Amino acid sequence: MSKFVQENDFTLFMNIINEYYVKDGSKKVRASLKLKGESGEHLTKIPPYGYVKVPTIRRSG
């Protein structure tokens, strides 16, 4: 019985760590997309409906 309780406690701790890891990754992705958008880079490969992609502008690197 005590082994189950120890595993359950460890599982709760691991869930907390995993939640933090996912939230941290999400914040990093949002920050990088915001930075790309503010600098004028394309956020997607396909332009939104109604916009035309300019073929002469290429991103280097």
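**Discussion of the model**

Modeller: Let us begin with F13, which is found in helix α1, spanning residues 2-39. Please bear in mind that this is a predicted model.

Colleague: How many helices and strands are there in the chain?

Modeller: The chain has one helix and zero strands.

Colleague: Back to F13, then. What is its relative accessible area?

Modeller: The value for F13 is 47%.

Colleague: Which residues form a nonpolar patch on the surface with F13?

Modeller: The patch consists of F10, F13, M14 and I17. Together they have about 390 Å² of accessible area.

Colleague: Turning to charges, how many salt bridges does the count give?

Modeller: The count comes to one salt bridge. K28 pairs with D24, and their closest N and O atoms are 3.5 Å apart.

Colleague: Where do K28 and D24 lie?

Modeller: Both K28 and D24 are in helix α1, four residues apart, which is about one turn of the helix.

Colleague: And is K28 buried or exposed?

Modeller: K28 is exposed, because its relative accessibility of 56% is over the 50% cut-off. D24 has a relative accessible area of 27%, so D24 is classed as partly exposed.

Colleague: What share of the chain do buried residues make up?

Modeller: Buried residues account for 0% of the 61 residues. The chain exposes about 6500 Å², and carbon and sulfur atoms supply 63% of that area.

Colleague: One last topic: how far apart in space are L33 and L43?

Modeller: Their C-alpha atoms are 7.0 Å apart, while L33 and L43 are separated by 10 residues in sequence.

Colleague: Where is the place of L33?

Modeller: L33 sits in helix α1. At 40% relative accessibility, L33 counts as partly exposed.

Terms used
Residues are numbered from 1 along each chain as its sequence is written. This is a predicted model: local features need pLDDT of at least 70, side-chain atom pairs count only at pLDDT 80 or more; totals for chains, interfaces and linings use all residues. Side-chain values use heavy atoms; hydrogens and water are left out. Patches are made of residues with over 30% relative accessible area and no salt bridge: like charges are joined within 9 Å, nonpolar side chains (Val, Leu, Ile, Met, Phe, Trp, Tyr) within 5 Å. Accessible areas come from the Shrake-Rupley method with a 1.4 Å probe; for residues, only the protein chains shown count as cover. A salt bridge is a side-chain nitrogen of Lys or Arg within 4 Å of a carboxyl oxygen of Asp or Glu. Helices (H or I, at least four residues) and strands (E, at least two) are DSSP runs, numbered from the N terminus. Buried means under 20% relative accessible area, exposed over 50%, partly exposed in between (1.4 Å probe, protein chains only).
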